Amino acid sequence: MNESSPLKRDAAIIAESIAATQVASVEPEPGSYRDRNGAVFYRGERVFRYLSPRALDNWRRLEQAPFFQKLSDEGRVVETHTVDPLAAGVDLGQWGGIVEHARIPFISYPYEWSFGMLKDAALLHLELMRQALAADMILKDSSAYNVQWNGVRPVFIDIPSFEPLRQGEPWVGYRQFCELFLYPLMLQAYKGADFRPWLRGRVDGIPAEDMRGLMSSRDLLRPGVLLHVAAQAALQKRYSGGGQNVRGALAEAGFGKALIERNVGKLAKLVEGLQPANTKTTWADYDRTHSYDDAELTKKIEFVRRSAATRHWHLAWDLGCNTGTFSRLVAEHSDYVVAMDGDWMAIEHLYQRQKAADASENILPLVMNLADASPSQGWRNAERKAITERGRPELTLCLALVHHIVISANIPLAEFINWLAGLGTSLVIEFVGREDEMVQTLLANKDDQYDDYHPEIFRDLLSARFDIQSEQPLKGGKRHIYFATVR
């Protein structure tokens, strides 16, 4: 065929059009803006990362390292492989190459984790450091955001953080490890203060100076405080704004590999010994203190089971999940379940139970107050996404939750139902009537201004936005549970 034939020209135009469409379909991940050596992007359900020429060289060394292959096989680092840009239809531009990562089912952030989750993420990071050092590599970054979850299994995702260890250089990620891992854990262990608002309030973590201000003279005797808080705060104050090259000075002083290994080992021992203070919370004993007798609880369980079994769900949410009784039921019929509750200790119980069972990689427990849920934030409010922007559920459980939303948080009933409808989700939802002792307890010390909180109004609002497939009274009619599908 002649090279200038219309057929060949048409084929070339089509090929160019397809290539342009493929390149245009690249969706950048705002959470990777700050990394100059790599940038995450999406193509449909696939996750890729651009690598700079330097990062590509590091990756080629890393993928051949036995320790990395073992960590990948164990699921402790995200599965990653090199991709041919041409085959993927990706224009490299100034980048050196691309890799593809296995997709994390649902992205979460450290300010949504329980104490045990943050602790295990910290220990994973230190273990990766230990193994990398043994292979003459190091993690240059120590951000808690570099850890995500497959169910209750932490997985490290920032592959370009692995770099060759340069002779005499310090661990530059140490400060970041303290700010995003160690200090939040210490705050809850030593002061009984919830670390989540601190991390949510400052994306980069708790500065040493602020942490030092929270520690009393007596706290200086606690493990790790004098060295990792007081000394670091003093050092940072001494060198801040002075123009000194602290990193270079440490390198010249011979800050060697053995010193870093000792620091990592001591940090691991310190973190392992931290336990949360004030572990008694309102709903953590729910499995033993709920107001259902055995027969009524069985009816509720069977209703949820039948509703969940009507189809297979890609993503399900359990709002107000408590210790996860119903999350586990829905997980039998779902690819993935995000189990959320505002009580951190209830989520801690769920996390530790799932972890001990070693049985579930499809339930992710998160600490989440729906009346004050995680917002979009960071640079241009895009680095950290609101909960609704990370994946919409096909099925949502709202069991014994509505009265807390309306009465405890003062959210109008119609507003809550409309929010659920906006998710485009089917529902298993329970309405707890005014005669129920739980509602009476909530109303005991409040002005009863909740004219919208009645079963007839609830049903009308629900049926206006959803198709009610089935319903059942519980506790002699004091409660009603519904299965409703989205329109």
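Reader: At roughly what angle do the axes of helix α6 and helix α11 cross?
Author: Helices here are DSSP runs (H or I, at least four residues), as are strands (E, at least two), numbered from the N terminus. Take α6 as residues 174-191 and α11 as residues 257-273, with axes that come within 11 Å. With axes fitted to C-alpha atoms (for helices, over the stretch in contact) and angles between N-to-C directions running from 0 to 180 degrees, the crossing is roughly 25 degrees.

Reader: What kind of model is this?
Author: Residues count from 1 along each chain as its sequence is written, and side-chain values use heavy atoms, leaving out hydrogens and water. Local features need pLDDT of at least 70, side-chain atom pairs count only at pLDDT 80 or more, and totals for chains, interfaces and linings use all residues, since the model is predicted.

Reader: Which residues of α11 meet α6?
Author: Contact means heavy atoms within 4.5 Å. The α6 side brings Y174, F177, L182, L185, M186 and Y190. Across from them in α11 sit N263, L267, L270 and V271.

Reader: How far apart are the axes of α5 and α6?
Author: From α5, F115, L118, K119, A121, A122, H125 and L126 make the contact, and F177, L180, F181, P184, L185, Q188 and A189 answer from α6. These two helices pack at an angle of about 140 degrees, and their axes are 10 Å apart.

Reader: Is H125 buried or exposed?
Author: H125 belongs to helix α5, residues 115-134. Beyond its neighbours within four places in sequence, H125 contacts L139, D141, S142, F156, W171, F177 and F181. Buried means under 20% relative accessible area, exposed over 50%, partly exposed in between (1.4 Å probe, protein chains only), so at 0% H125 is buried.

Reader: And W95, what does it count as by accessibility?
Author: W95 lies in the loop between α4 (85-88) and β5 (97-101). Leaving out residues up to four places away in sequence, W95 touches R36, N37, G38, A39, Y50, L51 and S52. A39 is 56 residues off along the chain, with 9.4 Å between its C-alpha and that of W95. With a relative accessibility of 26%, W95 counts as partly exposed.

Reader: How many of the 8 residues of β11 are buried?
Author: β11 (residues 334-341) pairs in the parallel sense with β12 over 5 bridges, where M340 stands opposite L366. β10 also runs parallel to β11, joined by 6 bridges, with L315 and Y336 as bridge partners. β11 is largely enclosed by the rest of the structure, because the number buried is 7.

Terms used
Pairing = 2+ DSSP bridges.
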